[in-house]
Structure formats: structure tokens, C-alpha cells
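Please look through this note alongside the sequence and the model. It is written as numbered points, each of which can be checked by eye.

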Protein chains: 2
Amino acid sequence: MTTTDPWVDLLAGDRSLLDRTSTAERVADVLRQRIIEGALPPGTRLSEESAGRALAVSRNTLREAFRLLVHERLLVHEFHRGVFVRVLTADDVVDLYRIRRMLETSAVRRAGTADAERVAALDHAVSAGELAAEQERWRDVGTANMRFHQAVAGLACSPRVDETMRQLLAELRLAFHVMSRPREFHEPYLGLNRDLTELIVAGSTAEAERRLDEYFDAAETQLVDAYRQLPR
Amino acid sequence: MTTTDPWVDLLAGDRSLLDRTSTAERVADVLRQRIIEGALPPGTRLSEESAGRALAVSRNTLREAFRLLVHERLLVHEFHRGVFVRVLTADDVVDLYRIRRMLETSAVRRAGTADAERVAALDHAVSAGELAAEQERWRDVGTANMRFHQAVAGLACSPRVDETMRQLLAELRLAFHVMSRPREFHEPYLGLNRDLTELIVAGSTAEAERRLDEYFDAAETQLVDAYRQLPR
DNA sequence: GCATATTTGTCCGTATGTATA
DNA sequence: CTATACATACGGACAAATATG
């Protein structure tokens with residue numbers, strides 16, 4: 001391996017005092033974070049031995065963590081070969097947008113039943129994105145955009161929708177990481193997100209739903225076109 | 001391996017010849033099947049030792065299988081206490097119907113893009129249900145009803161929607177198992193399923209979507225009302 | 001194509017911590 | 001409060017499959 005270790009030992013802190021989570025889950029949390037922030041790019045192989053040594057957990061525990069992330073589709077498990085950070089295909093990206101569109105537009109349609117806190121979450125995400133854009137932190141603009149869409153799905157007031165959406169967006173980050181230019185991909189949507197928020201706050205959910213549908217048309221074709229032009 | 005136990009040794013067959021799936025996954029498959037068919041009713045405790053001995057796998061392998069099913073929400077994992085077959089609350093049932101409604105109505109709306117095979121799957125499920133009803137196999141009527149709704153979601157032509165739907169319906173079976181009277185719950189919907197199929201085949205997706213939405217209103221309140229009246 | 005080294009798949013033993021009768 | 005049972009987590013072992021020279 002390399003000398004600069006991509007792992008960070010976040011597990012070392014307090015390992016057994018009123019700790020209600022298992023080590024496997026904490027290991028999965030660390031790995032998930034590393035994956036979605038791009039420190040472990042798609043295609044990376046995660047060796048049981050080196051990863052276990054770096055995270056200071058046994059192989060059995062590490063394998064439990066791997067299973068969790070395989071189930072979340074962030075890792076793929078090739079029998080007798082090991083686990084790898086998932087490499088999305090263009091078809092995967094199309095499918096991710098398909099289900100996102102279904103969940104998010106349905107959530108907007110039912111936005112009338114959402115409480116004020118959930119509506120406010122839209123505004124918070126948009127404001128965070130605008131601030132990040134002013135300071136030209138384009139990666140943070142992307143993160144804020146994700147948070148905005150998480151908040152859109154949150155309008156459905158459904159824990160299962162929230163959870164599904166979290167996984168879909170984590171998976172979508174795998175696509176973003178194989179493409180460069182975070183600015184060009186996220187900046188154009190800042191204004192649209194602001195518009196959508198205002199429409200929803202005003203109760204114009206039908207109009208908001210139509211605008212969101214148009215957004216998906218544009219974003220999907222843009223992303224998929226760029227994705228297909230990649231090497232491989 | 002014991003002679004009389006609720007487990008079945010489906011693993012014993014060919015354990016290592018061109019077998020591309022891990023034992024943990026096969027264990028999870030067996031457990032999942034036992035759970036959704038009711039052999040392991042909600043609340044059942046799954047001891048690592050007894051289950052491992054019955055299935056003839058080590059505790060490590062069994063724990064990997066448990067993690068998979070916990071992630072699918074069929075089991076709950078209480079730290080340092082063990083794993084149990086999930087007991088759904090009334091809120092869970094409400095939430096399951098919420099996300100089902102979102103996915104299925106969206107799928108119907110986009111039914112125009114589905115190929116003939118997916119549309120035919122609707123008819124097959126309905127026919128299977130009608131046949132089972134004629135022969136008064138009410139449990140099979142319920143299964144066919146599930147298959148119908150899986151086919152409805154399949155109109156979205158999305159692998160991820162299919163997978164999400166599979167999990168939601170498996171989870172919903174946990175609710176059906178704590179209620180008796182499968183006939184009263186599933187029989188009334190046979191005619192509606194037939195109507196919906198004909199509307200979709202005819203391309204009247206807007207009308208089909210409205211009817212489906214009405215169905216959810218009725219089914220959800222019926223199920224939740226009955227569910228709340230249960231002991232516990 | 002072959003022999004070897006590496007890695008994974010699976011199981012076991014055990015020490016420690018936790019919950020419950 | 002003690003005792004028992006069980007889950008958690010580790011490390012070692014060996015077979016099987018894969019990767020490497």
C-alpha cells in the first residue's frame with residue numbers, strides 16, 4: 001500500500017462506554033463517509049487484511065461492515081475476490097434518476113401535509129448552497145444540493161422515504177466522483193432550488209412539481225451524456 | 001442437524017461446487033422465506049447458537065446473515081440482547097402505505113413506457129389470484145395480490161424500484177401475519193385489480209392512477225383500523 | 001500451462017461485557 | 001446481588017479460489 005494512509009482511525013475514541021452501536025456499524029459509518037466524500041474512489045479494492053489492520057478491527061467484524069455497505073450498493077462483493085467501491089454504469093445513473101423523480105415529485109405533490117420544520121429544511125439547504133457558491137466552495141455546493149433534494153423527499157413525511165433517499169443520494173455521489181467539474185454540475189441549479197422552495201412555501205405544489213420534473217429532464221440528460229463520454 | 005425443528009436444511013445440498021453465492025446469503029434467503037411465510041412470526045427470537053446449530057453454520061456466518069435481514073427491516077437487532085423478527089407498529093403500516101402509494105401511483109403514471117412483458121405480468125398476477133380465490137386458497141390470494149402490486153411497481157421499469165418494492169412487501173407481510181382472516185383482507189381487491197389491469201392495458205393511465213389512489217385510501221384505513229384493535 | 005503466493009470463505013476457541021432470572 | 005446465559009469481538013486455523021511469477 002501507500003505511505004499516506006487513506007484510513008483514519010475514528011474508532012479509537014471511546015470504544016465501550018454506554019456505546020449502543022456495534023463496532024461493525026461504526027466501521028461501516030467510517031467507510032461510508034470515506035466513500036461518499038471520494039477518499040475511496042469507485043473501483044478501489046478494500047482488502048480485508050489491510051483495511052482491518054488500519055481500522056484496528058478483526059476480519060470478522062470488518063466483513064460484517066462490508067456486508068452492510070454491499071447492501072447499500074456502495075460496495076460490490078465479488079466472490080473469492082474481495083469487495084470494491086462500486087463503479088456505476090450509465091444505466092445505473094439513469095435508474096437513480098428514475099426513482100428519484102418518482103419519490104421527489106410525489107413528495108412535492110403531498111407537500112401540503114408537511115409541517116413547517118420540513119419546509120424550513122428546504123430553505124436551509126438552499127441558503128447553505130448559496131453561501132458556499134459565494135465563497136466558491138463548489139464541493140460544498142454539491143453537498144448542499146444533495147441536502148436540498150433530501151429535504152424535498154422529506155416533504156413526504158416518511159421515515160422510509162427518507163432512508164431510501166439517503167441511500168440513493170449516497171449512491172449518486174459515486175457517479176459525481178468519476179466526473180470532474182463540480183462547479184458546472186451544481187451551480188446552475190442554485191436558482192432553480194430557490195424558485196422551487198418559494199413555490200412550495202407559497203403552496204403552489206402543482207407548479208413546483210412541474211418545475212421539478214423539468215429539472216430532472218435537464219439534469220439527467222446532462223449527467224448521462226457526460227457520463228457516457230468517460231473513458232471505459 | 002436435528003430432526004424436528006422449525007428450520008429446514010436447504011443449505012446441505014451442494015455446498016461448494018460452482019456455487020457463486022456465499023453461505024451467509026443462502027442463510028439469509030432461508031430465514032427471509034421463513035419469515036415472510038409466517039413460520040417465524042413477529043417477535044420470535046433468533047438465538048445465534050440454536051439457529052446456527054440448526055442451519056449448520058458457524059456463528060460468524062449467521063451473524064452476517066442477520067445483518068442482511070436487519071438491513072431489510074425484517075429483523076431488529078437489540079444490542080447485546082439478540083435479533084428478533086420485527087414487530088410492526090401501526091405507524092410502520094401507515095408509513096409502508098405512504099411509500100407504496102408514491103411508488104405505485106408514479107409507476108402507473110409512467111406505464112406508457114413499459115414493455116408488453118411488464119404489462120402482461122399484471123394480468124398473470126390477477127389471473128393467479130382469481131384462480132386461487134375460486135379454490136378458496138386465501139393465503140395464495142394474498143400472495144397473488146402482492147405479486148400484482150409488485151407488477152404495478154414494475155411498470156416503472158426500474159431495478160431499484162423493483163428491489164425497494166420487494167422489501168416493502170416483505171415487510172408488509174409482517175403486518176398481515178399478526179392479523180387473522182386473510183380472506184377478508186384480500187378477496188375484495190380481486191375485482192379492483194382486474195379493473196386496474198384493464199385500464200392500464202387500454203392506456204387509461206390517468207384513470208388507473210386515480211382508482212389506485214382510492215384503493216390505497218380504503219386499504220390503508222381498513223388495515224390500520226384492524227391493526228390498532230389488536231392486543232398489545 | 002504450471003507452480004506458488006496471496007486472499008478470501010468458513011469455522012472454532014476464548015475472553016469480555018451485558019442483560020436477566 | 002449473584003449467577004447464569006448469551007452477545008460481542010478477537011485471533012487462529014485450514015480449505016478453496018484467485019492472482020502472480
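**Notes on the predicted model**

1. Helix α9 (residues 189-201) of chain A packs against helix α10 (residues 205-228) of chain A at an angle of about 160°, and their axes lie 8 Å apart. Axes here are lines fitted to C-alpha atoms, for helices over the stretch in contact, and angles run from 0 to 180 degrees between N-to-C directions. α9(A) and α10(A) are therefore roughly antiparallel to each other, a label given to angles over 145 degrees, while those under 35 count as roughly parallel, 65 to 115 as roughly perpendicular and the rest as oblique. Helices (H or I, at least four residues) and strands (E, at least two) are DSSP runs, numbered from the N terminus.

2. The crossing of α9(A) and α10(A) is left-handed; a crossing has this name if the near helix is turned anticlockwise from the far one by less than a right angle, and is right-handed if clockwise. On the α9(A) side the contact is made by A:L192, A:D195, A:L196, A:L199 and A:I200, and on the α10(A) side by A:T205, A:E207, A:A208, A:R211, A:L212 and A:Y215. Two residues are in contact if their C-beta atoms, placed from the backbone, lie within 7 Å. By class, this contact of α9(A) with α10(A) has seven nonpolar, one polar and three charged residues, where Ala, Val, Leu, Ile, Met, Phe, Trp, Tyr, Cys and Pro count as nonpolar, Asp, Glu, Lys and Arg as charged, and the others, Gly among them, as polar.

3. Before going further, please keep in mind that this is a predicted model, in which local features need pLDDT of at least 70 and side-chain atom pairs count only at pLDDT 80 or more, whereas totals for chains, interfaces and linings use all residues. Residues are numbered from 1 along each chain as its sequence is written, and chains are lettered from A and ligands numbered from 1 in the order in which they are written.

4. In chain A, the axes of helix α5 (residues 116-134) and helix α6 (residues 138-154) come within 8 Å and cross at roughly 170°, which makes α5(A) roughly antiparallel to α6(A). Among the residues that make this contact are A:A121, A:L122 and A:A125 of α5(A), together with A:A144, A:F148 and A:A151 of α6(A). The contact of α5(A) with α6(A) divides by class into 12 nonpolar, three polar and three charged residues.

5. In chain B, helix α6 (residues 138-154) and α7(B) pack at an angle of about 155°, with their axes 9 Å apart, which makes α6(B) roughly antiparallel to α7(B). α6(B) passes α7(B) in a right-handed crossing. The contact includes B:M146 and B:H149 of α6(B), as well as B:M165 and B:L169 of α7(B), and its residues divide into six nonpolar, four polar and two charged.

6. How many residues does each chain bring to the contact between chain A and chain B? There are 21 residues from chain B and 21 residues from chain A. On the side of chain B that touches chain A, α3 (59-71), α4 (90-109) and α7 (159-177) of chain B each supply at least two residues, and the residues of that side divide into eight nonpolar, six polar and seven charged.

7. Three strands of chain B form an open sheet in the order β1-β3-β2, with antiparallel pairing; two strands pair if DSSP finds at least two bridges between them. β1 (45-46) and β2 (75-78) of chain B stand at the edges, each with a single partner strand, so one side of each is left without a neighbour in the sheet. Two bridges join β1(B) to β3 (residues 82-85) of chain B, and B:L46 has B:V83 as its bridge partner in β3(B). β2(B) and β3(B) pair over four bridges and form a hairpin with three residues between them, where B:H80 in the turn has a positive phi of about 60°.

8. Around DNA strand C there are 17 residues, of which A:E48, A:G82, B:T23, B:S58 and B:T61 come nearest; a residue is near a molecule or strand if its C-beta atom, placed from the backbone, lies within 6 Å of it. The surface near DNA strand C has three nonpolar, 11 polar and three charged residues. DNA strand D is surrounded by 17 residues, the closest being A:S22, A:T23, A:T61, A:H80 and B:G82.
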